Amino acid sequence: MEKPVHILHALLIFHLLGAAAAASDQEGWWSIDCGAGGGSRVVNGSISWVPDTNYTKVGTNARLPQNQALEEMNTLRFFPNKIENNCYIVPLEFPGFNYIVRAGFYYGNYDGLSKPPTFDLKLDRENWTTVNTSSTATGGIPIYHEAIYLTRSRNLTVCLEQTRDGEVPFISSLEGVPINYIYDEVLDTTTATLHLVARTNFGGPEIRFPDDIHNRIWTRGITPPNCHANISIPMAYSLFLVNDEPVSMLLDYIESTKVNDPIMLTVDIPPQSTPLPAYFVFYLADLSYHSNGSDIRAMQIYINGLEMSTVTVYFSSSKAVTFYPLDVMGPTINITLVATDESTLPPNINGIEIFTRHDLVGQSGSPLSPYSPSDTSKHFFSIYVLLIYILCLVALFP
């Protein structure tokens, strides 16, 4: 009986190594809890939040008077000195890669002044966006600004700049994730920065890691009054994941209550003086069981009154429909989904992502040659599977 026991021990060891291989998919991630004291903390079993003391030498820590649901929103770092070098410098494990960079803000009246500030955020010293924190004065949800940014050095610099007298910049969290093989239709054709406008899960709750393996946040969408929210109970399905979209998002959806009722959605966008090229991704799926196999779900997609495409969503499958580039201006984007004359089922939608493209001055040079963080983990996982296979053969044929 000794041999099976040893084999079980070996299997346990290699399963642990397999878990380590899965964890290596988070190579190069950073999650900085701004203003936090003490050591690091782990959430969701694997995301390690660390204090910000190793990334900046300026600013002052503060804690909110009332606890928030997200621990990283309970503290912040504010920058009372009106200087240009209110910056974080983050070493990159994979320079030359596109990174999802996300900055989080929650004012919560930490200073007792009831004066939430507006200020500028910069990425590698170039203008990123303007942060308006008025919605986080008391209550509300955190504000996030996210960009997909092609890194060009071994450090990433994120700076906060005061633009109004008496309004002190602050930051609650700073996160980064290197990405590869997603959003290829845009990232393969440009070195520009993509600013996230919306990433929405319709018909279900907010989605985060681990459901989204790239640590993206899918906010809960509003259900229009002529629609209802559903959750699919799939029998069997075939999914083609274009951008590693979470399956839980594809199981949630909204659909209009009647076939001839359109789905009408409005997305807020910061106003700008000139149109910006935008990148749209519509996630459409029909994973529920249908008793009538002859039903058809087909719809036309309109953006700001322009007919973009006619799409058929087949049963037990999903698809991502993309449009790029399409020029947009604020303050809103209007989206309409209309059933075609042949459709027997109403229009539906599971999720959407919208980005605007920004050409930063500092991105005019050639990018570094990237090293894929997935190469090592995939190679290790292949070895892991092979060893498990060999051990199983030894157990079956001693």
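I take buried to mean under 20% relative accessible area, exposed over 50%, and partly exposed in between, with a 1.4 Å probe and protein chains only. At 9% relative accessibility, cysteine 227 therefore counts as buried. Cysteine 34 is likewise buried, with a relative accessible area of 0%.

**Basis of the entries**

I worked on a predicted model, in which local features need pLDDT of at least 70 and side-chain atom pairs count only at pLDDT 80 or more, while totals for chains, interfaces and linings use all residues. Residues are numbered from 1 along each chain as its sequence is written, and side-chain values use heavy atoms, with hydrogens and water left out.

**Overall survey**

I looked up the secondary structure and found four helices and 25 strands; helices (H or I, at least four residues) and strands (E, at least two) are DSSP runs, numbered from the N terminus. Of the 398 residues in the protein, 48% are buried. I then turned to contacts, meaning heavy atoms within 4.5 Å. Among those with a separation of 6 or more, 77% are between residues 24 or more positions apart.

**Disulfide**

I searched for pairs of cysteine sulfur atoms within 2.5 Å, which is the rule for a disulfide. The count came to one. The bond joins cysteine 87 and cysteine 159, with the sulfur atoms 2.0 Å apart. I noted 105° about the S-S bond, and the link is right-handed. Cysteine 87 lies in strand β6 (residues 87-91) and cysteine 159 in strand β11 (residues 155-162), so the pair ties together parts that are 72 residues apart in sequence. Both cysteine 87 and cysteine 159 are buried.

**Aromatic rings**

I paired rings of Phe, Tyr and Trp (its six-membered ring) if their centres lie within 6.5 Å; planes under 30 degrees apart count as stacked, over 60 as edge-to-face and the rest as tilted. The whole structure holds 18 aromatic pairs. For phenylalanine 78 and tyrosine 110, the ring centres are 5.4 Å apart and the planes at 40°, so this pair is tilted. Phenylalanine 78 lies in strand β5 (residues 75-78) and tyrosine 110 in the loop between β7 (98-105) and β8 (118-123), so the pair ties together parts 32 residues apart in sequence. Phenylalanine 78 is buried at 18% relative accessible area, and tyrosine 110 is buried at 15%. Tyrosine 110 also pairs with phenylalanine 170, with centres 6.0 Å apart and planes at 55°, so that pair is tilted as well. I recorded one aromatic cluster formed by Phe78, Phe105, Tyr107, Tyr110, Phe119 and Phe170.

**Salt bridges**

I counted a salt bridge where a side-chain nitrogen of Lys or Arg is within 4 Å of a carboxyl oxygen of Asp or Glu. The structure holds 16 of them. One joins aspartate 52 and arginine 77, whose closest N and O atoms are 2.8 Å apart. Aspartate 52 is buried at 0% relative accessible area, and arginine 77 is buried at 6%. Arginine 63 and glutamate 71 also meet in a salt bridge (3.9 Å, N to O). Here arginine 63 is partly exposed at 45%, and glutamate 71 is partly exposed at 35%.

Arginine 199 is in strand β14 (residues 193-201) and glutamate 353 in strand β25 (residues 351-358), 154 residues apart. Salt bridges that share partners join Arg102, Glu146, Glu175, Arg199 and Glu353 into one network.
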